[in-house]
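These notebook entries record what I looked up in one structure. I kept them in the order in which I worked.

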Amino acid sequence: MSEHTVVRRRLISILTHAILILFVLVSVLPIFWMWMAAVKPFDPSVNNPFAFPTSVTFEYIKEAWTTGRMGGYMKNSILVAVPRVFVVLLFASMAGYAFGKLKWKGRNQIFYFILVGMMIPINAMIIPLYYNVQQLGMINTLQAMILPYFGLSMPFACFMMRSFFRELPDELVESATIDGAGKWKTWLYVMLPLTKPALTSLLIFEFMWSWNDYLLPMLMVYDDKYRTLPLGLMYFQGEYTMNTSLIAAGVTICTVPIIIVYSIFQRSFVDGITAGAVKG
């Protein structure tokens with residue numbers, strides 16, 4: 001290999017890493033600035049949001065958690081996100097196995113019909129959805145923010161899980177059938193453990209969408225005790241408009257759970273996304 005080629009490859013490598021570092025800084029800098037503002041003493045006379053803090057205080061985070069009722073909003077967000085994620089993962093894994101591995105009449109037609117749900121924006125369904133929830137007597141309840149998304153989330157979840165199941169070898173199902181395992185046992189004990197990367201990726205997507213959801217809680221909930229974090233943050237921001245440190249503390253509380261969940265499942269999430277990209 002010539003010296004010119006080596007120098008050229010090194011320059012390309014340096015340029016590639018420089019671009020990647022730039023993208024990392026662009027992505028991380030807003031979060032770092034927000035966290036810095038949350039622990040910086042607020043001075044209305046010298047209100048430079050980009051200035052580094054001369055001292056650190058956690059009083060604003062404490063005040064946002066108690067006075068700003070962020071603790072109650074976080075509890076509601078957890079009560080909404082956990083059942084939604086669990087049920088979607090359960091049904092999507094079963095549907096993905098049925099559409100991807102089992103052979104039955106009308107399989108493809110029903111799957112394509114489900115995919116139509118991905119083409120309809122939620123804005124077009126929100127009015128009839130509201131009246132249906134109202135007729136069920138669930139307005140101003142946590143159920144109003146949970147049950148609708150069992151249906152709204154399924155098209156993408158089914159599509160994702162079906163794609164992953166289709167790439168698993170058919171010999172696994174055949175071997176399990178020869179050994180006497182039925183369809184349920186084959187799904188539960190043979191196929192489901194192999195879909196851990198896909199389930200983890202879907203878990204993070206669903207948790208993030210549920211945690212950041214604003215439209216449905218805004219329409220379905222009027223009582224403050226049922227508000228989730230994004231909705232509570234809107235009223236919190238209006239009440240403490242002048243105190244940027246207090247607002248930053250409230251936003252920081254909103255972002256911490258998502259960062260924790262992603263940190264826990266990061267490796268499996270990357271494996272699942274990579275597997276989906278390679279397998280098409």
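The entries below cover helix packing, aromatic rings and backbone angles.

**Entry 1. Conventions**

I note that this is a predicted model, in which local features need pLDDT of at least 70 and side-chain atom pairs count only at pLDDT 80 or more, while totals for chains, interfaces and linings use all residues. Residues are numbered from 1 along each chain as its sequence is written, and side-chain values use heavy atoms, with hydrogens and water left out.

**Entry 2. Helices α2 and α13**

I took helices (H or I, at least four residues) as DSSP runs numbered from the N terminus. I first looked up how helix α2 (residues 59-66) packs with α13, and found an angle of about 70 degrees with the axes 8 Å apart. The axes are lines fitted to C-alpha atoms, for helices over the stretch in contact, and the angles run from 0 to 180 degrees between N-to-C directions. α2 is therefore roughly perpendicular to α13; the classes are under 35 degrees for roughly parallel, over 145 for roughly antiparallel, 65 to 115 for roughly perpendicular, and oblique for the rest.

I recorded the crossing of α2 and α13 as right-handed. The term right-handed applies if the near helix is turned clockwise from the far one by less than a right angle, and left-handed if anticlockwise. On the α2 side I listed Tyr60, Ile61, Glu63, Ala64 and Trp65, which meet Ser245, Leu246, Ala249, Gly250 and Ile253 in α13. Contact here means heavy atoms within 4.5 Å.

**Entry 3. Ala249**

I then asked: is Ala249 buried or exposed? Ala249 has 0% relative accessibility and so counts as buried. The cut-offs are under 20% relative accessible area for buried, over 50% for exposed and in between for partly exposed, with a 1.4 Å probe and protein chains only. Ala249 is placed in helix α13 (residues 244-264). Residues up to four places away in sequence aside, Ala249 touches Ala38, Tyr60, Ile61 and Ala64. I also checked Phe58: Ala249 is 191 residues from Phe58 in sequence, and their C-alpha atoms are 8.7 Å apart in space.

**Entry 4. Helices α4 and α7**

I turned to helix α4 (residues 107-119) and helix α7 (residues 154-166), whose packing angle is about 130 degrees, with axes 8 Å apart. That angle makes α4 oblique to α7. The crossing of α4 past α7 is left-handed. From α4 the contact involves Asn108, Phe111, Ile114, Leu115, Gly117 and Met118, and from α7 it involves Pro155, Phe156, Cys158, Phe159 and Arg162.

Pro155 is buried because its relative accessibility is 7%. With neighbours within four places in sequence left aside, Pro155 is in contact with Ile114, Leu115, Gly117 and Met118. Between Pro155 and Phe111 I noted 44 residues in sequence and 8.8 Å in space, C-alpha to C-alpha.

**Entry 5. Aromatic rings**

How many aromatic pairs does the ring rule give? The rule pairs rings of Phe, Tyr and Trp (its six-membered ring) if their centres lie within 6.5 Å; planes under 30 degrees apart count as stacked, over 60 as edge-to-face and the rest as tilted. I counted 10 aromatic pairs by this rule.

One of them, Tyr130 with Tyr131, is edge-to-face, at 5.8 Å centre to centre and 80 degrees between the planes. Tyr131 is partly exposed at 46% relative accessible area. Phe207 and Trp211 are stacked, at 5.3 Å centre to centre and 25 degrees between the planes. Phe207 and Trp211 are 4 residues apart in helix α10 (residues 196-212), so about one helical turn separates them. Phe207 is buried at 14% relative accessibility, and Trp211 is buried at 2% relative accessible area.

I also recorded a cluster in which ring pairs link Phe99, Trp104, Phe111 and Tyr112. Arg162 lies over the face of Phe111, 4.1 Å from the ring centre, and Arg84 lies over the face of Tyr149 at 4.0 Å from the ring centre. A charge sits over a ring if NZ of Lys or CZ of Arg is within 6 Å of the ring centre and within 35 degrees of the ring normal.

**Entry 6. Positive phi**

Most residues other than glycine have a negative phi. Arg69 is found in the loop between α2 and α3 (70-100) and is partly exposed at 38% relative accessibility. Asn140, also not a glycine, has a positive phi of about 70 degrees. Asn140 is found in the loop between α5 (122-135) and α6 (147-152), and its relative accessible area of 22% makes it partly exposed.

Key: Helix = DSSP H or I, 4+ residues; strand = E, 2+ residues; numbered from the N terminus.
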